[in-house]
Amino acid sequence: MTLSSSGTVWNFAAGPSRLPDAVLARAGDVLFRRGADGAAVIERPFTGNAVRAVLESARERLTQLLDIPANYHVLFLAGGAMHQFSAVPMNLIDPASGLRTAAYADSGYWSRRAMREAARFAEVSVVARHDGSQALAAPAEDNWRLPQGCAYCHITANETVDGLAYPAWPNTGDVPLVADTTSSFLSAPLDIARFGLVYASAQKNIGPSGMTVVIVREDLLRRPAQSAPSPLCYRLQAEQDGCLNTPPVMAIHLAALVFQWIAESGGLSAMAEANRRKAELLYRAIDGSDGFYTAPVIAAHRSITNVRFHLADVSLTERFLSDAEKAGLIHLRGHRHVGGLRASLYNAMPLAGVTALVNFMAEFKRCKG
Ligand SMILES: Cc1ncc(COP(=O)(O)O)c(C=O)c1O
């Protein structure tokens, strides 16, 4: 079969993922060039004005992009989303006030990992799970019966491994809704006021790994968080502007550049529109392939950032992957727990990358179908 020879390589990794070209082009200059005082940003003390200015600009830009209400704190913390799997229960459970139980919706791989971790610190109650009798979908978001003494209700907004997303947010009444938005953060506008707490690790749409954004509503900082180690205690971090310990300055600086790039590209509505077009193009190619390719998630719950699909003839999967790589289409292997194929279409993936992928898929089908 004839493979593309344009020389462009398109990286469909689930994360760490492709960063915007404009950000990579600027990053070295901004981060590593020494200023008049003889220090580059990453060499300066985090207590000094230069690093504080970086933090402030990242926070301001993110606040503008998401229109974050004034009663929320924005923290840029060291570590990944999995640190938050423990930090969330340690901060929000409050047994002295009767808030002993943590409600979790089981939507797939990452929500199960989050609840397994939470079970070390709280009584976990699974309040919703997908009914396995149908095609893959997120749990229906109505009729959740939250338990007595519920400290919070946790969802995984976009399941990176399973390739599914919530089409609408559940209504949890007075119980704070907590969302792991790692793989959908900044892919579209998000109404922060619907949530008590939102977190996302950086290596998808924010920047390089090593940093996690936590956006937490002020009233939740009043919970005692007795078991939380200081760097994972939201109240202590908020009191010190996220600088209780050394913040991941390089990752935060790059995140600020990404936030600026999103704003200059039209903001989150423009991201959402571009992401919708990319995902539509790919799902249309899958659905229109007469069953040669199949997507396991029902249409209304399909992720626009992590498109999961299979070859009907699974014996062709390895050949697909190796031919795709030769054509410059890399990291299309599905997660080891579910197999198959997955194309991650984060903000920095242009339509041209997805067009190259669907053209390759059509050619592969022509040769093997
Ligand atoms: C939805 C989701 N949650 C949590 C994680 C774990 O993130 P980290 O590796 O930053 O701890 C991932 C990683 O891909 C993810 O996709």
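Biologist: What share of the 369 residues of the protein chain count as buried?

Modeller: 46% of the 369 residues are buried, meaning 20 or more other C-beta atoms lie within 10 Å of a residue's own; 12 or fewer is exposed, in between is partly exposed, and C-beta atoms are placed from the backbone. Keep in mind that this is a predicted model: local features need pLDDT of at least 70, side-chain atom pairs count only at pLDDT 80 or more, and totals for chains, interfaces and linings use all residues. Residues are numbered from 1 along each chain as its sequence is written.

Biologist: How many helices and strands are there in the protein chain?

Modeller: You get 9 helices and 14 strands, taken as DSSP runs (H or I, at least four residues, for helices; E, at least two, for strands) and numbered from the N terminus.

Biologist: OK, helix 2. Which of its residues are buried?

Modeller: Val51, Val54, Leu55, Ala58, Arg59, Leu62 and Leu66. They cover an arc of only 125 degrees around the axis, so they sit on the same side of helix 2; the arc is that of the directions from the helix axis to the C-beta atoms.

Biologist: And what do those buried residues pack against?

Modeller: Strand 2 (72-78) and helix 6 (249-264), with a contact being C-beta atoms, placed from the backbone, within 7 Å.

Biologist: Which exposed residues are on the face turned away from the buried side of helix 2?

Modeller: Asn49, Ala53 and Gln64.

Biologist: What happens just after helix 2?

Modeller: Asp67 takes a positive phi of about 50 degrees there, although Asp67 is not a glycine. Asp67 is in the loop between helix 2 and strand 2, and is partly exposed with 13 other C-beta atoms within 10 Å.

Biologist: New topic: which residues are around the ligand?

Modeller: Gly15, Gly80, Ala81, Met82, Trp110, Thr156, Thr160, Asp180, Thr182, Ser183 and Ser201. Being near here means a C-beta atom, placed from the backbone, within 6 Å of the molecule.

Biologist: How many of that shell are nonpolar, polar and charged?

Modeller: 3 nonpolar, 7 polar and 1 charged. Ala, Val, Leu, Ile, Met, Phe, Trp, Tyr, Cys and Pro count as nonpolar, Asp, Glu, Lys and Arg as charged, and the others, Gly among them, as polar.

Biologist: Back to Gly15: what kind of peptide bond joins Gly15 and Pro16?

Modeller: A cis one, with omega about -5 degrees. Pro16 is in the loop between strand 1 (10-11) and helix 1 (21-32).

Notes. Contact = placed C-beta atoms within 7 Å.
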